[in-house]
Amino acid sequence: MKVLIAEDDSLIRQGLRELLQVEGYQVIEAPDGAVALASFREHQPDFVCLDVMMPHLSGYDVCRQIRQENSDVPIIFITAKSEEIDKVLGLELGADDFITKPFGVREVQARVRAVSRRCLKRQTPSPEKEPFDMGDLTIHPLELRAKRGEEAIDLSLRDLAILQLLH
């Protein structure tokens with residue numbers, strides 16, 4: 001699954017890249033809004049993480065353009081702008097979620113997994129997306145979850161790929 005990270009702060013961009021790559025995502029990076037829009041058009045990512053305040057084009061402008069071209073791709077704003085009006089504007093422009101800086105690793109992982117589940121459910125059905133059993137676990141690829149009885153276990157894309165290989 002491909003994700004575009006558009007963030008002008010190189011340290012935050014690097015941290016997000018490392019976090020998402022460990023989770024099993026293919027990451028495309030953009031240091032500003034203009035590069036983000038060009039990268040979106042070239043790579044057609046499965047979802048986008050956008051900073052709001054970037055050079056050349058703001059995240060809001062990039063979101064607006066993406067929504068004109070593709071109404072389905074999920075967009076998560078990751079920004080220092082934490083006022084209610086900023087969140088409302090982002091959501092009204094078509095964002096699916098809003099994470100404020102500073103953020104925790106677990107919050108980003110949880111929100112990205114939620115977006116990934118929606119992306120996986122939109123894809124064409126195939127045998128590797130069907131639930132399967134491994135011992136006392138039932139793996140649900142489209143949900144990025146495994147279940148043992150009533151207990152649900154969240155999975156990353158990497159976890160899922162390993163389980164599918166072992167199956």
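Which residues does serine 116 touch, not counting residues up to four places away in sequence? I looked this up first. Serine 116 touches Met1, Tyr25, Phe47 and Leu144; contact here means heavy atoms within 4.5 Å.

**Ground rules.** I am working with a predicted model, where local features need pLDDT of at least 70, side-chain atom pairs count only at pLDDT 80 or more, and totals for chains, interfaces and linings use all residues. Residues are numbered from 1 along each chain as its sequence is written, and side-chain values use heavy atoms, with hydrogens and water left out.

**Serine 116.** I found serine 116 in helix α5. Helices (H or I, at least four residues) and strands (E, at least two) are DSSP runs, numbered from the N terminus. Serine 116 counts as buried because its relative accessibility is 0%. The cut-offs are under 20% relative accessible area for buried, over 50% for exposed, and partly exposed in between (1.4 Å probe, protein chains only). I then checked its side chain, which makes a polar contact with the side chain of tyrosine 25 at 2.4 Å. A polar contact is a pair of N or O atoms within 3.5 Å; within protein, one must be able to donate a hydrogen and the other to accept it, and residues adjacent in sequence count only if both atoms are side-chain atoms. Methionine 1 is 115 residues away along the chain, yet the two C-alpha atoms are separated by 8.2 Å.

**Helix α5.** I followed the helix end to end. α5 has 18 residues and spans 26 Å from first C-alpha to last, close to the expected 26 Å. The expected span is 1.5 Å times one less than the number of residues. Its buried residues include Val112, Arg113, Ser116 and Arg117. Among the elements covering them are α1, β3 and β4.

**The largest core.** I turned to the nonpolar cores next. Such a core is a set of buried Ala, Val, Leu, Ile, Met, Phe, Trp, Tyr and Cys residues joined through side-chain atoms within 4.5 Å. The largest has 26 residues, and Val3, Leu20, Tyr25, Phe47, Ile76, Val112 and Ile139 touch the most other members. α5 gives the largest share, 5 residues. Apart from this core lies another of 21 residues, among them Leu4, Ala36, Val62 and Ile66. In soluble globular proteins, nonpolar side chains tend to be buried together.

**Strand β3.** β1 runs parallel to β3, joined by 4 bridges, and alanine 6 stands opposite leucine 50. Strands pair if DSSP finds at least two bridges between them. β3 also pairs with β4 in the parallel sense, over 3 bridges. Cysteine 49 has isoleucine 76 in β4 as its bridge partner. From β3 the chain crosses through helix α3 (residues 59-69) to β4, in a right-handed β-α-β crossover. Right-handed means that, with the strands pointing away from the viewer, the path from the first strand over the helix to the second runs clockwise.

**Glutamate 7.** I went to the loop between β1 and α1, where glutamate 7 lies. Glutamate 7 is buried, with a relative accessible area of 1%. A polar atom of its side chain lies 3.0 Å from the backbone nitrogen of aspartate 9.

**Hairpin.** My last stop was β8 and β9, which run antiparallel over 4 bridges. They form a hairpin with 2 residues between them, and glycine 149 in the turn has a positive phi of about 65°.
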